[in-house]
Amino acid sequence: MTELTRRSLLGLGAAAATTALLSACSTPGTSSVNSAPTLQPIAHGEKITLTYWAWLKDLQKVADVWNASHPDVQVEAVWIPGGNSGGYQKLYSALAAGGGPDLAQIELRSVPEFMLVNGLVDLARYGAGDYADRYDPTLWSQVSYVDGVYAIPQDSGPMALYYRPDLFQRVGAGAPATWDDWAATGRELKKAGIFIDAFNYSDPSWFAALAGQAGASWLRVDGDRWLIDMTDDATLQTARFFDAAIDDGILQTGYGDFSTGWFAAAAKGTIAGCASASWGDALLQGVSGGEGKWRVAPLPRWGSGFGSSALGGSTAAVLANSKHPKEAMEFAVWMTTSPEGIDAMIEHSGIGWSPDDDYIGAERTKPSKWFGGQNYNEEVFLPASKEQNPDWSWWPITQQSFNILADGFRKKPGGQSLVDSIAQSETAIMNAFRQKGLTIEKARS
């Protein structure tokens with residue numbers, strides 16, 4: 001469990017009013033709802049309606065399954081844009097005005113940012129710990145801080161390799177077991193005018209996931225300070241590897257995975273692979289003429305580290321102004337652990353990997369016609385979900401940190417290496433922490 005308190009987030013007790021201006025939003029308040037008495041559950045026969053703001057499609061159809069059997073606690077879903085596309089701005093603004101929904105979809109990596117502005121209810125005060133054994137332990141650790149639980153895991157993104165066996169076979173290759181094998185296959189594919197994957201300079205989350213697979217853990221809390229280490233061996237190994245892959249021309253850098261350019265190239269057969277998350281399967285099915293041609297293999301491995309990693313993932317968090325936090329939590333737990341809730345989320349909302357430790361969803365136990373009859377969820381993603389870095393944790397300015405890292409990566413075409421960009425970004429991220437009033441130091445090797 002991450003040793004993180006709100007005091008750790010603020011660093012040496014700095015006041016929230018002076019530090020919590022995230023994403024150009026004002027803080028909802030300088031005191032935490034979690035220092036107030038807990039709110040009582042509804043009385044027998046009392047009827048309430050909970051609101052849930054999320055960017056999942058057709059979430060109301062999921063809520064309707066709950067509503068049919070819970071007449072006293074109804075849930076109304078309200079669509080908002082994706083988090084950094086405007087959704088978080090709406091949530092911060094609503095919190096600052098003293099309002100907002102009972103529940104909101106918040107990415108795992110953004111939970112600490114909402115904690116920093118006193119935006120979330122500590123669900124441990126309402127019995128969340130009783131549900132911990134239902135969830136994947138790595139996911140539960142990413143919403144748990146010291147003795148608090150600040151969100152309910154909603155979905156995640158264990159990673160694997162989507163690839164075209166027919167294109168790989170042109171150069172005598174199968175699914176690569178290691179990243180070195182992957183690079184060797186990429187060099188052969190290049191001779192045939194085919195890229196093995198794409199590298200998006202503007203989105204470092206993919207690089208961060210693969211560094212995490214190698215064993216990196218960039219930030220951690222030590223008492224009331226943050227310790228940062230982005231120049232550890234695992235990260236630099238990953239950076240040197242992709243510096244070479246880009247220099248060798250085996251990666252398309254003009255666009256990222258699942259962009260318009262990527263779909264066009266995939267349809268032409270000039271992109272042969274895609275290392276991505278479980279939720280990428282639905283996106284991949286947008287490739288024209290791709291049915292039956294693609295398969296899924298385990299993510300290639302580094303010489304050390306872990307079998308997979310995670311890309312993306314969201315939570316259902318109870319916001320500070322909710323008048324019914326216990327009931328909101330109970331709905332979130334039902335939605336993410338009951339077979340009815342999970343199956344409805346897959347059918348209607350296309351969620352990523354289920355956070356439940358035992359149930360992946362009925363639909364995901366079946367062979368896929370689009371992937372040539374492969375039962376890839378049970379064969380590949382289920383093991384991948386158990387083989388992730390348990391020490392990776394998120395920090396309170398994750399998005400700003402990724403923006404800084406992206407600025408550095410964009411210098412690669414001009415001759416600056418990823419290795420140098422990471423070292424420079426580490427210094428810039430430390431400065432950004434201090435500008436927020438947070439205490440941070442470079443970790444000692």
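Strand β11 (residues 273–277) is mostly covered in this predicted model: five of its five residues are buried, where buried means under 20% relative accessible area, exposed over 50% and partly exposed in between (1.4 Å probe, protein chains only). Strands here are DSSP runs of E with at least two residues, helices are runs of H or I with at least four, and both are numbered from the N terminus. β11 runs antiparallel to β6, and five bridges join them; two strands count as paired if DSSP finds at least two bridges between them. Within this pairing, Y162 has C274 of β11 as its bridge partner.

A few ground rules apply throughout. Residues are numbered from 1 along each chain as its sequence is written, and side-chain values use heavy atoms, with hydrogens and water left out. Since the model is predicted, local features need pLDDT of at least 70 and side-chain atom pairs count only at pLDDT 80 or more, while totals for chains, interfaces and linings use all residues. pLDDT is the predictor's confidence in each residue, from 0 to 100. The chain has a mean pLDDT of 92, with 93% of its residues at 70 or more. Over residues 10–29, though, pLDDT stays under 50, and the model has 52 contacts beyond four places in sequence for that stretch; contact means heavy atoms within 4.5 Å.

Back to β6 (residues 152–163), which also pairs with β13 in the antiparallel sense, over five bridges. Here P158 stands opposite A310 in β13. Strand β3 (residues 103–107) pairs with β13 as well, again antiparallel and over five bridges, and the bridge partner of E107 in β13 is S314.

After α14 comes G350, with a positive phi near 60°.

The loop between α14 (339–349) and α15 (376–385) holds Q374. Q374 is buried, with a relative accessible area of 13%. Beyond four places in sequence, Q374 touches R295, V296, P367, S368, E379 and V380. The C-alpha atoms of Q374 and W294 are 9.6 Å apart, although the two residues are 80 residues apart along the chain.

As for the nonpolar cores (sets of buried Ala, Val, Leu, Ile, Met, Phe, Trp, Tyr and Cys residues joined through side-chain atoms within 4.5 Å), the largest has 119 residues, of which I106, W182, W218, F242 and W395 touch the most other members. A second, separate core of 20 residues includes C274, Y376, V380 and F381.

Elsewhere, three strands form an open sheet in the order β8-β9-β14, with mixed pairing. Its edge strands are β8 (219–222) and β14 (440–442), each pairing on one side only. The twist averages 35° from one strand to the next. β9 (residues 225–228) and β14 pair in the parallel sense over three bridges, with I228 opposite K442 in β14. Helix α17 (residues 418–435) lies across β8, β9 and β14 and runs at about 160° to β14; axes are lines fitted to C-alpha atoms, for helices over the stretch in contact, and angles run from 0 to 180 degrees between N-to-C directions.
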